[in-house]
Amino acid sequence: MNLLAFDTSTEFLSLAVMRDDAIFTFDTLAGQSHSQIILPQIHNLLTDAGLQLQDLHGLAFGAGPGSFTGVRIAAGVAQGLGFGANLPVVGFVP
């Protein structure tokens, strides 16, 4: 199973891709630049994992608690990617 998960509800941007049994991660202290960093880093992480968005089986995003704006960024990115690639999306509370 191939999954992408991410969380932007704190000052950190955390991304993870699971490709079968392998896990690829990225995290950084993003401050208030999540919206500028998240899509390029998702692309980089998928490339590192040898996957394209269409190869995923689903997306998961952190739905709080945390910054309202951060949760909105994660929900919007998940909704856009999920809709664009016809992938199921689930929110989770870490």
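A polar contact here is a pair of N or O atoms within 3.5 Å; within protein, one must be able to donate a hydrogen and the other to accept it, and residues adjacent in sequence count only if both atoms are side-chain atoms. This is a predicted model, in which local features need pLDDT of at least 70 and side-chain atom pairs count only at pLDDT 80 or more, while totals for chains, interfaces and linings use all residues. Numbering starts from 1 along each chain as its sequence is written, and side-chain values use heavy atoms, with hydrogens and water left out.

1. Let me start with N2, in strand β1 (strands are DSSP runs of E of at least two residues, helices runs of H or I of at least four, numbered from the N terminus). Its side chain reaches the backbone nitrogen of D20 at 3.4 Å. N2 counts as buried because its relative accessibility is 9% (buried is under 20% relative accessible area, exposed over 50%, partly exposed in between, with a 1.4 Å probe and protein chains only).

2. D20 itself deserves a look: it sits in the loop between β2 and β3 (22-29) and has a positive phi of about 55° although it is not a glycine. N86, in the loop between α2 and β5 (89-92), also has a positive phi, near 55°. N86 is exposed, with a relative accessible area of 72%. Most residues other than glycine have a negative phi, and most peptide bonds are trans.

3. P65 lies in the loop between β4 and α2. S67 is found in the loop between β4 and α2 as well, and a polar atom of the S67 side chain lies 3.4 Å from the backbone nitrogen of T69. S67 and S9 are 58 residues apart in sequence, yet 5.0 Å apart in space, C-alpha to C-alpha.

4. Now the helices. H34, S35, I38, L39 and I42 in α1 meet I73, V77 and L81 in α2 (contact means heavy atoms within 4.5 Å). By class, this contact has 6 nonpolar, 2 polar and no charged residues.

5. Which residues have the most contacts inside the largest nonpolar core? They are L4, F6, I42 and L56, in a core of 22 residues (buried Ala, Val, Leu, Ile, Met, Phe, Trp, Tyr and Cys joined through side-chain atoms within 4.5 Å). Among the contacts of I42 are L4 and F6, as well as V77 and L81.

Conventions:
Nonpolar A, V, L, I, M, F, W, Y, C, P; charged D, E, K, R; others polar. Lists of a residue's contacts leave out its neighbours within four places in sequence.
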